[in-house]
Amino acid sequence: MQDVLSIIEKVAPDIMDTLRGRYQILRNIYLVGPVGRRVLAGKMNITERVLRTEVDALKKQNLVQTSKLGMQLTANGEIVYHELDQMMGQLLGMRAKENQLATYFQIEHCVIVSGDSEEQAKVQEELSRATMDALKLLLPEGNSIVAVMGGTTMAEVANHMDESLSYHRELVFVPARGGLGEAVDIQANAVSAQMAKKTGGKNRVLYVPEQVSEETYKPLLQEPEIKKTLKLVKQANCVLYSIGNALHMAERRGMSQEALALIKEKAAVGEAFGEFYNQKGEVVYKIPRIGMQSQDLAQISSVIAIAGGKSKAEAIEAYMKRAPAQTWLITDEGAANQILRGITL
């Protein structure tokens with residue numbers, strides 16, 4: 001595809017200019033629509049007259065529709081946009097950025113979706129879509145056990161799954177950790193159950209608190225149902241998880257003021273698997289927990305980390321210094337561009 005695009009660009013650069021321009025219009029309408037023409041023209045730094053001409057052409061192709069609320073993509077427009085986004089990713093250098101990040105982090109693969117999930121809500125859908133695509137590539141036919149972490153990003157991924165993932169597959173989803181002292185719908189148990197429901201797979205529960213004392217920990221591990229679930233977690237051939245900002249995660253977990261002070265003192269920037277780490281990727285604080293540990297990832301064939309947004313760039317970069325080589329990172333331009341800016345300085 002890249003060769004074809006290069007040839008077209010050499011022979012008919014005006015066609016490629018039109019394609020780029022209309023792609024950017026479709027992309028912006030998809031991310032922020034419904035949106036008015038004046039607002040979009042200002043956002044794209046083009047005149048309303050130029051925008052009106054291009055939008056009229058897209059309307060004739062049934063890709064864009066207008067209403068009192070503004071412009072938005074038609075159902076056909078969304079399909080075309082997603083197809084075009086894959087192609088334009090190569091043309092506009094997105095694939096090169098993905099390769100650069102994967103090489104920098106020394107991981108298997110990186111996927112970057114357009115936009116910043118902290119600024120455009122639709123980008124979270126794109127992260128979820130990219131996760132589904134990755135799972136379809138990585139999960140073999142037949143039986144698979146998918147270990148799942150909790151959190152808002154993981155809950156969003158679960159909500160956008162569908163039964164196409166179970167085609168020729170028997171899937172079992174298991175929570176990779178116990179519950180948190182937070183909203184029930186973003187706990188690992190709930191996320192795992194939602195993924196099973198959406199895909200038509202099976203689900204196991206792990207009804208234990210994530211953080212427990214040493215005295216409580218050992219007896220819990222002897223409970224038959226807990227042992228069964230933890231055994232499945234150990235047998236998982238895929239794990240899905242996100243990466244969080246250190247202070248945000250500490251506050252969300254309701255950690256003590258002493259622990260918060262220690263995390264700040266140790267300059268923690270990110271958190272994953274109950275471990276808080278600094279810019280060098282060194283663990284500076286760890287929560288005793290029931291469930292999957294970071295060292296378990298080395299034995300899992302498919303490791304997928306999903307995290308986006310400019311503010312998570314530092315946490316992502318720090319964590320990836322300790323990620324296993326078989327990791328796939330699914331992120332967005334907001335985080336990727338911030339990380340790449342630091343690399344090239």
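Me: How much space lies in the second largest pocket?
Reply: Let's start with a friendly reminder that this is a predicted model. The second largest pocket is lined by 26 residues. The space in this second largest pocket is about 380 Å³.

Me: Which element gives the most to the lining of the second largest pocket?
Reply: Several elements supply at least two residues each, namely H7, H8, strand S7 (238-242), strand S8 (244-245), helix H12 (246-252) and strand S9 (270-272). With 3 residues, the one that gives the most is H12.

Me: How do the residues lining the second largest pocket divide by class?
Reply: Thr-152, Thr-153, Ser-242, Ile-243 and Lys-312 are the lining residues nearest the centre of this pocket. Taken as a whole, the lining divides into 8 nonpolar, 12 polar and 6 charged residues.

Me: How much space lies in the largest pocket, and which residues lie nearest its centre?
Reply: The largest pocket holds about 470 Å³ of space. Its lining is made of 20 residues. Those nearest the centre are Gln-86, Arg-95, Val-111, Ala-130 and Asp-133.

Me: Which element provides the largest share of the lining of the largest pocket?
Reply: The elements giving two or more residues to this lining are helix H5 (75-91), helix H6 (94-105), strand S3 (109-113) and H7. By class, the lining has 9 nonpolar, 5 polar and 6 charged residues. The largest share, 6 residues, comes from H7.

Me: How is H7 oriented relative to H8?
Reply: Now look at helix H7 (residues 122-138) and helix H8 (residues 152-159), whose axes are 9 Å apart. The two pack at an angle of about 65°. Angles of 65 to 115 degrees count as roughly perpendicular. That makes the arrangement of H7 relative to H8 roughly perpendicular.

Me: What is the make-up by class of the contact of H7 with H8?
Reply: H7 passes H8 in a right-handed crossing. On the H7 side you will find Gln-124, Ser-128 and Thr-131, which meet Thr-153, Glu-156 and Val-157 in H8. By class, this contact has 1 nonpolar, 4 polar and 1 charged residues.

Me: How are H2 and H3 oriented to each other?
Reply: These two helices pack with their axes 11 Å apart, at an angle of about 120°. The roughly perpendicular range is 65 to 115 degrees, and roughly antiparallel needs an angle over 145. H2 and H3 are therefore oblique.

Me: Which residues of H2 and H3 make the contact, and how do they split by class?
Reply: The crossing of H2 and H3 is right-handed. H2 brings Gln-24, Ile-25, Asn-28, Ile-29 and Val-32, while H3 brings Leu-40, Lys-43 and Met-44. By class, the contact of H2 with H3 has 5 nonpolar, 2 polar and 1 charged residues.

Note on methods: Residues numbered from 1 in each chain as written. Predicted model: local features only at pLDDT ≥ 70, side-chain atom pairs only at ≥ 80, totals over all residues. Heavy atoms only, no water. Axes fitted to C-alpha atoms, helices over the stretch in contact; angles between N-to-C directions. Helix = DSSP H or I, 4+ residues; strand = E, 2+ residues; numbered from the N terminus. Parallel < 35°, antiparallel > 145°, perpendicular 65-115°, else oblique. Left-handed = near helix turned anticlockwise from the far one by under 90°. Contact = heavy atoms within 4.5 Å. Nonpolar A, V, L, I, M, F, W, Y, C, P; charged D, E, K, R; others polar. 1 Å grid on protein atoms, 1.4 Å probe; cavity = no way out; pocket = protein on both sides within 12 Å on 5 of 7 lines; lining within 4 Å. Points joined across faces, edges and corners; volume = space filled by probe spheres on them.
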